[in-house]
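Subject: Structure handover

Hi,

Here is the structure I promised to pass on. Please open it first, then read my notes below.

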2 protein chains.
Amino acid sequence: MKTLKERILKDGKVLDGNILKVDSFINHQVDYKLMDDIGDEIYRRFVDCKVDKVLTIETSGIPAAYSVARKFDVPFVFAKKKLSGNIGDDLFSTEVFSYTKSCLYKVVVSKKYLTQGENILVVDDFLANGQAALGMIDLVEQSGANVVGVAALIEKAFQDGGNILREKGYRLEALASIEKMDVEGIKIK
Amino acid sequence: MKTLKERILKDGKVLDGNILKVDSFINHQVDYKLMDDIGDEIYRRFVDCKVDKVLTIETSGIPAAYSVARKFDVPFVFAKKKLSGNIGDDLFSTEVFSYTKSCLYKVVVSKKYLTQGENILVVDDFLANGQAALGMIDLVEQSGANVVGVAALIEKAFQDGGNILREKGYRLEALASIEKMDVEGIKIK
């Protein structure tokens with residue numbers, strides 16, 4: 001997606017530890033127009049699919065999930081993170097390791113909002129090692145719903161997530177794939 | 001706002017501890033059409049004001065902030081919650097006590113995204129004791145920006161938040177004000 005790639009090259013900042021900071025337009029301050037365009041583009045890429053619901057994880061996937069849900073005319077659900085505590089019987093639950101934060105957390109969705117036979121499009125801002133996407137896929141599959149595919153705004157293509165998802169047979173669409181990044185610059189496929 | 005009030009009466013659930021559960025349409029599964037209408041209504045109520053940016057706190061204020069920002073054609077910012085850790089020099093920071101979760105947390109916004117002289121509309125899903133709204137107002141005022149007003153989707157009018165904000169002279173617009181709620185039902189002004 002041209003506008004997203006250009007924006008990353010213009011305003012993205014590379015920090016130590018393989019962190020790409022996009023907090024001026026995606027995940028702290030949000031450019032609503034860009035987010036509207038992101039919804040349009042993800043819709044275009046999955047328009048051949050039946051999508052009944054969009055699923056993301058709080059927090060920074062929420063604007064994109066809203067934007068995509070509007071285009072498909074369906075509700076969206078944001079899975080919740082829990083650092084600890086018991087999980088009740090009314091929740092689907094999985095565990096996700098965050099490499100960014102070096103912690104294992106639980107991700108939950110109410111059983112009311114994922115239903116057998118539904119077609120679920122998974123959306124997130126970043127795809128790096130794939131842990132968050134695999135966690136969401138696990139939640140969808142626990143419910144008996146179908147994973148239509150995974151849409152990521154930004155894929156760190158030098159990490160394993162994309163290949164893991166493709167090898168498992170999931171359809172993946174990344175709007176901007178970062179081939180390489182360091183303090184000297186960012187190279188996008 | 002009629003559609004929101006009707007939806008709360010139809011799908012809202014009252015739990016022990018003054019909790020109003022609206023997770024089937026606002027803060028877990030989200031009805032994007034209702035959220036679009038909420039943006040229209042908040043815009044209508046503040047259309048006489050100059051708004052340069054919309055501010056909310058993660059997580060459940062984000063869809064409404066997006067919806068409002070689109071109407072005003074401005075960016076939105078979501079303040080981030082931190083349970084602990086040092087706050088760097090590049091962040092505005094305040095403390096908010098969550099009665100729901102019985103914990104004190106820090107709320108931060110990068111200094112890059114609140115600027116002296118800007119006009120900021122504060123948006124959140126719930127207004128109860130006003131702690132989150134007061135925290136956001138504190139962040140805005142630390143930056144030297146102006147608080148245009150506070151828009152809440154749902155005000156628990158039997159708690160103090162609304163009065164505290166009005167007494168301090170802030171303009172408050174609540175789309176649905178809950179007068180009373182218990183297991184027998186919900187009464188909305």
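Start at Asp73(A), which sits in the loop between H3 and strand E5 (76-82) of chain A. This is a predicted model, so please read every value as computed. The phi of Asp73(A) is near 60°, a positive value in a residue other than glycine. Most residues other than glycine have a negative phi.

Asp73(B) lies in the loop between H3 and strand E5 (76-82) of chain B. Its phi is positive, near 60°. Asp73(B) has 45% relative accessibility, so it counts as partly exposed.

Asp73(B) follows H3(B). That helix is mostly covered, with ten of its eleven residues buried. Among the buried ones are Ile62(B), Pro63(B), Tyr66(B), Arg70(B) and Phe72(B).

Which residue forms a salt bridge with Asp73(B)? The partner is Lys33(A), and the closest N and O atoms are 3.5 Å apart. Across the interface of chain A and chain B, the rule finds six salt bridges.

On to the interface as a whole:

- 34 residues of chain A are in contact with 34 residues of chain B.
- The area buried between the two chains is about 2,900 Å², and carbon and sulfur atoms give 58% of that.
- In chain A, the residues that lose the most area to chain B are His28(A), Tyr32(A) and Tyr66(A); together they account for 27% of what that side buries.
- 100% of the interface residues of chain A are also interface residues in chain B, so the copies meet through the same surface.

A cis peptide bond joins Glu58(A) and Thr59(A), with omega about 5°. Most peptide bonds are trans. Thr59(A) lies in the loop between strand E4 (53-57) and helix H3 (62-72) of chain A. In chain B, a cis peptide bond joins Glu58(B) and Thr59(B), again with omega about 5°. Thr59(B) is in the loop between strand E4 (53-57) and helix H3 (62-72) of chain B.

Last, a set of strands in chain A. Strand E9 (residues 146-156) of chain A has ten of its eleven residues buried, so it is largely enclosed by the rest of the structure. Which strands does E9(A) pair with?

- With strand E8 (residues 119-127) of chain A, E9(A) pairs in the parallel sense over eight bridges. Asn119(A) has Asn146(A) as its bridge partner in E9(A). From E8(A) the chain crosses through helix H4 (residues 131-143) of chain A to E9(A), and this β-α-β crossover is right-handed.
- With strand E10 (residues 172-182) of chain A, E9(A) runs parallel and is joined by six bridges. In E10(A), Ala174(A) is the bridge partner of Ala152(A).

Best wishes

Note on methods: Residues are numbered from 1 along each chain as its sequence is written. Chains are lettered from A and ligands numbered from 1 in the order in which they are written. This is a predicted model: local features need pLDDT of at least 70, side-chain atom pairs count only at pLDDT 80 or more; totals for chains, interfaces and linings use all residues. Side-chain values use heavy atoms; hydrogens and water are left out. Helices (H or I, at least four residues) and strands (E, at least two) are DSSP runs, numbered from the N terminus. Buried means under 20% relative accessible area, exposed over 50%, partly exposed in between (1.4 Å probe, protein chains only). Contact means heavy atoms within 4.5 Å. Two strands pair if DSSP finds at least two bridges between them. A crossover is right-handed if, with the strands pointing away from the viewer, the path from the first strand over the helix to the second runs clockwise. Buried area is the accessible area (1.4 Å probe) that two parts lose on being put together, summed over both. A salt bridge is a side-chain nitrogen of Lys or Arg within 4 Å of a carboxyl oxygen of Asp or Glu.
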